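Me: Please take a close look at one helix of this protein and at the aromatic rings around it. I would like a connected account, with the cut-offs behind each term.

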Amino acid sequence: MTELLDARIGCAMTGSFCTFKAVFEAWRALRATGAALTPIMSFNAANTDTRFYPAVEARREFEVIAGKAPLTTLAQVEPIGPKKLLDVLAIAPCTGNTLAKLANGVADTPVTLAAKSHLRNGRPLVLAVSSNDALAQNAKNIGMLLSMKHVYFVPFAQDDALGKPNSLVARFELLPETVTAALAGRQLQPLLR
């Protein structure tokens, strides 16, 4: 992954709390490439205590991985686009709510505003889906985002086809490889794994 050495990577987290442990491992793998990470958290990811992580612990772990405190406000992320602060922005996990907002141009959280601000420069946005309704209500949003320029997906699969037939989860371990491909302007294949 020498392609990521010194890359400026925005690492954004939204509220799919059950995936945080796997996502933190993916961020560690990105950091190990020598990339410079800018952590970003949605309001919910940064402030909601769950059975998986207390909010303060999640923020602290993200800060340790990235080497700086997460950006958690609209004002903090707004300069990302105008100042061209990132080479690539990855959203992992990317919830169904975030997918819907991105597909419909809603930028009302630190993560969605960071994405909007970043995309204005024609730079890659990588999405790592984690949604229980990805193959139901959010299927249309995934379809819209798949057809957008500069948007790439971490390959994904059904995580429990019998118990949760509409649920998809990204293969978070493929995040570094997906980011590398996105920086080269291509979608990592196969997308469905």
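Reply: The buried residues of α3 are A55, A58, F62, I65 and A66, where buried means under 20% relative accessible area, exposed over 50%, and partly exposed in between, with a 1.4 Å probe and protein chains only. Seen down the axis of α3, these residues fall within an arc of 95°, so they line one face of the helix; the arc is that of the directions from the helix axis to the C-beta atoms. Helices (H or I, at least four residues) and strands (E, at least two) are DSSP runs, numbered from the N terminus.

This is a predicted model, in which local features need pLDDT of at least 70 and side-chain atom pairs count only at pLDDT 80 or more, while totals for chains, interfaces and linings use all residues. Residues are numbered from 1 along each chain as its sequence is written, and side-chain values use heavy atoms, with hydrogens and water left out.

The helix α3 has 12 residues and spans 17 Å from its first C-alpha to its last, close to the expected 16 Å; the expected span is 1.5 Å times one less than the number of residues. Just after α3, G67 takes a positive phi of about 85°. The buried residues of α3 pack against β1 (8–13), α1, β2 (36–41) and α2 (43–47), contact meaning heavy atoms within 4.5 Å.

On the buried face, F62 has a relative accessible area of 0%. The structure holds 7 aromatic pairs. Rings of Phe, Tyr and Trp (its six-membered ring) pair if their centres lie within 6.5 Å; planes under 30 degrees apart count as stacked, over 60 as edge-to-face and the rest as tilted. One of these pairs joins F24 and F62, which are tilted at 55° between the planes, with 6.0 Å from centre to centre. This pair links distant parts of the chain, for F24 belongs to helix α1 (residues 20–32) and F62 to helix α3 (residues 55–66), 38 residues apart. Because its relative accessibility is 0%, F24 counts as buried.

A further pair, that of W27 and F62, is stacked, with 6.0 Å centre to centre and 20° between the planes. It likewise connects helix α1, through W27, with helix α3, through F62, across 35 residues. Both W27 and F62 are buried. F17, F20, F24, W27, Y53 and F62 form one aromatic cluster.

At the other end of the β1–α1 connection, the loop between β1 and α1 holds T19. With a relative accessible area of 7%, T19 is buried. Leaving aside residues up to four places away in sequence, T19 touches P93, S130 and F172. T19 and V169 are 150 residues apart in sequence, yet their C-alpha atoms are 8.8 Å apart in space.

Residues 24 or more positions apart account for 77% of the contacts with a separation of 6 or more.
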